[in-house]
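Biologist: I am new to this structure and would like to know what stands behind the words used for it. Please take me through some of them.

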Amino acid sequence: MSDTDFLLESRGDAQDLGAWVIGIAFGRDGGCAFALGDGTVRLVEGWQSVPAHDGACLSICADAKDGVLTGGDDGRLMRVAPDGTTTEVAKYGSKWVDQVAAHESGLRAAAVGKAVHILDGKGAALKSLAHPSTVTGIAFDAKGKRIAASHYNGASLWFVAAKESNPRLLEWKGSHTGVAISPDGTHVVTAMQENTLHGWRLADGQHMRMAGYPSKTKSFGFTAKGRWLATAGADCVVLWPFFGGGPMGKAPTELAGGDGVLCTTVACHPSQEVVAAGFDDGLVLIAEVASGRVVPVAAPRGSAVSALAWNGVGSHLAFGTEGGFAGLIDLAKR
């Protein structure tokens, strides 16, 4: 047992899933599901393989109550229950379901081409939100009252329950490839094709540009209280401060760098200022923001980490790689 693999060996469960792990979601029931490029969903309970899509899984998220939602290149929005039962929630013809999101209030959302479809907990369509170009990312705010969508030349912010479907357009020229809303709902941030991130302070529309990355930022997220934005795309975890007037005019904090290997994936702990990070060589680690302390979780295995997720209370961390290696760590185990 290597020191780097100590947590995986002593507190974890690992499996070779045989296909690219495109995403991981912990259901609100506590179950963990891996969405794979071969169209299946693998449930950690018994490592059960569930056929979900006739093609590839493209997206996964926790469903509103329990289980998970997945989108596929077969045009279907699927629900996988904790016991592995599958249900087709919606079908959108030949168009891919690139992005999915859900809120504990019961709302669900699916990005299909230029539209974001909003559905209720029973799968009934509530409305369809049209965008000027293909939607590349969606995110509900913490209260489930607004949904943001990234697309070419910016992002759109919608009030889900509004009778008039007129979004607030957050404009910035270029291709925007993903979106996040800060936990307090005051900021929207997008990743861009040009190795930068862009943000908007909603109170006054102030623009925020976060640049200097050697690679595209494909994974990013706010820490639990929104003080930091953790990002991949460099040879370390780059954290931008969203306090004290930041991030503009403030230098970012860097964690867990120095060996030149690209950070590909980040996931913020649900309650503490702790970030899990995965790297291009397969290394997985946990870093504490305040102290900079780094704890290795899994050793490099030569395949990039493509997915990371915490469970709702932050006691379990799951990861998956492009090569199909997957692990689940119980950090509360004694």
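Biologist: Why is Arg146 called buried?

Modeller: Buried means under 20% relative accessible area, exposed means over 50%, and partly exposed lies in between, with a 1.4 Å probe and protein chains only. Arg146 has 16% relative accessibility, so Arg146 counts as buried. This is a predicted model, in which local features need pLDDT of at least 70 and side-chain atom pairs count only at pLDDT 80 or more, while totals for chains, interfaces and linings use all residues. Residues are numbered from 1 along each chain as its sequence is written, and side-chain values use heavy atoms, leaving out hydrogens and water.

Biologist: What makes the meeting of Asp141 and Arg146 a salt bridge?

Modeller: A salt bridge needs a side-chain nitrogen of Lys or Arg within 4 Å of a carboxyl oxygen of Asp or Glu. For Asp141 and Arg146 the N to O distance is 3.0 Å, so the pair meets the definition. Asp141 is buried as well, because its relative accessible area is 9%.

Biologist: Which residue forms a salt bridge with Asp63?

Modeller: Arg79 does, with the closest N and O atoms 2.9 Å apart. The two are 16 residues apart and link distant parts of the chain: Asp63 is in the loop between strand E6 (57-62) and strand E7 (68-72), Arg79 in strand E8 (residues 76-80). Strands here are DSSP runs of E with at least two residues, numbered from the N terminus. Asp63 has 2% relative accessibility and so counts as buried; Arg79, at 17%, counts as buried too.

Biologist: Why is Arg28 called partly exposed?

Modeller: Its relative accessibility is 40%, which lies between the two cut-offs and therefore gives that label. Arg28 lies in the loop between strand E2 (21-26) and strand E3 (32-36).

Biologist: What does the side chain of Arg28 reach?

Modeller: It reaches the backbone oxygen of Ala102 at 3.3 Å. The backbone oxygen of Asp63 lies 2.8 Å from a polar atom of the Arg28 side chain.

Technical notes:
Helix = DSSP H or I, 4+ residues; strand = E, 2+ residues; numbered from the N terminus. Polar contact = N/O pair within 3.5 Å; in protein donor to acceptor, adjacent residues only side chain to side chain.
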